[in-house]
Amino acid sequence: MMTLDEADRRILAHLQRRADEPLEELGRHVGLSRNAVWRRIKALEDRGILKGRVAVVDPSAVGLGLMVFIQVRAAHHSADWLNQFRRAVRAIPEILGVYRMTGDLDYLIRARVADMADYDRLYQRLIEKVEMGDVSASFVMEELKEGQALPL
């Protein structure tokens with residue numbers, strides 16, 4: 001774990017809420033000059049703590065209103081299968097996150113699709129690319145909380 005001082009934490013907390021804010025305004029919020037804020041942001045990027053700044057898009061506004069969690073049991077537990085699976089999930093843009101899990105299932109996939117037919121197309125592409133042991137899906141009916149901001 002990399003150590004952060006209080007100013008770095010304030011900068012990161014603020015950037016997680018509003019990354020497009022001008023440096024002068026950010027400096028006022030965190031109590032530093034524009035140049036000091038710029039140097040700290042550059043250092044946070046160089047250290048790999050700040051990985052990037054992105055715009056948050058409303059999924060429904062762009063036709064991706066259905067979130068699905070796909071539970072996967074591996075067909076094989078081998079390095080070859082895992083490498084094939086990694087390549088497959090990384091090549092499908094609707095897949096937003098993939099997690100290797102403990103417990104009954106091996107992998108949990110989080111994806112955004114337009115509708116059930118779109119999910120079926122994603123599923124077909126996935127099973128064309130890699131053999132699966134077992135696949136099931138759960139569809140989100142209501143998002144109670146969605147975010148990326150870490151509690152700093």
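Visitor: Is Y107 buried or exposed in this model?
Guide: The model is a predicted one, and in it Y107 has a relative accessible area of 9%. Since buried means under 20% relative accessible area, Y107 counts as buried.

Visitor: How is the aromatic pair of F85 and Y107 classed?
Guide: A pair of aromatic rings is described by the distance of the centres and the angle of the planes. For F85 and Y107 the centres lie 4.7 Å apart, with 45 degrees between the planes. Planes under 30 degrees apart count as stacked and over 60 as edge-to-face, so the class left for this pair is tilted.

Visitor: How many residues apart in sequence are the parts that F85 and Y107 tie together?
Guide: F85, which is itself buried with a relative accessible area of 2%, belongs to helix α4, while Y107 belongs to strand β3. The pair therefore joins a helix to a strand, and the separation in sequence is 22 residues.

Visitor: Which class does the pair of Y119 and F139 have?
Guide: The ring centres of Y119 and F139 are 5.2 Å apart, and their planes stand at 90 degrees. Because an angle over 60 degrees decides the class, this pair is edge-to-face.

Visitor: Which element supplies the largest share of the largest nonpolar core?
Guide: That core has 20 residues, and F85, I109 and L126 have the most contacts inside it. At least two residues come from each of β1, α4, β3 and α5. The largest share, five residues, comes from β1.

Technical notes:
Residues numbered from 1 in each chain as written. Predicted model: local features only at pLDDT ≥ 70, side-chain atom pairs only at ≥ 80, totals over all residues. Heavy atoms only, no water. Core = buried A, V, L, I, M, F, W, Y, C linked by side-chain atoms within 4.5 Å. Buried < 20%, exposed > 50% of the residue type's maximum accessible area, 1.4 Å probe, protein only. Helix = DSSP H or I, 4+ residues; strand = E, 2+ residues; numbered from the N terminus. Phe/Tyr/Trp six-rings, centres within 6.5 Å; stacked < 30°, edge-to-face > 60°.
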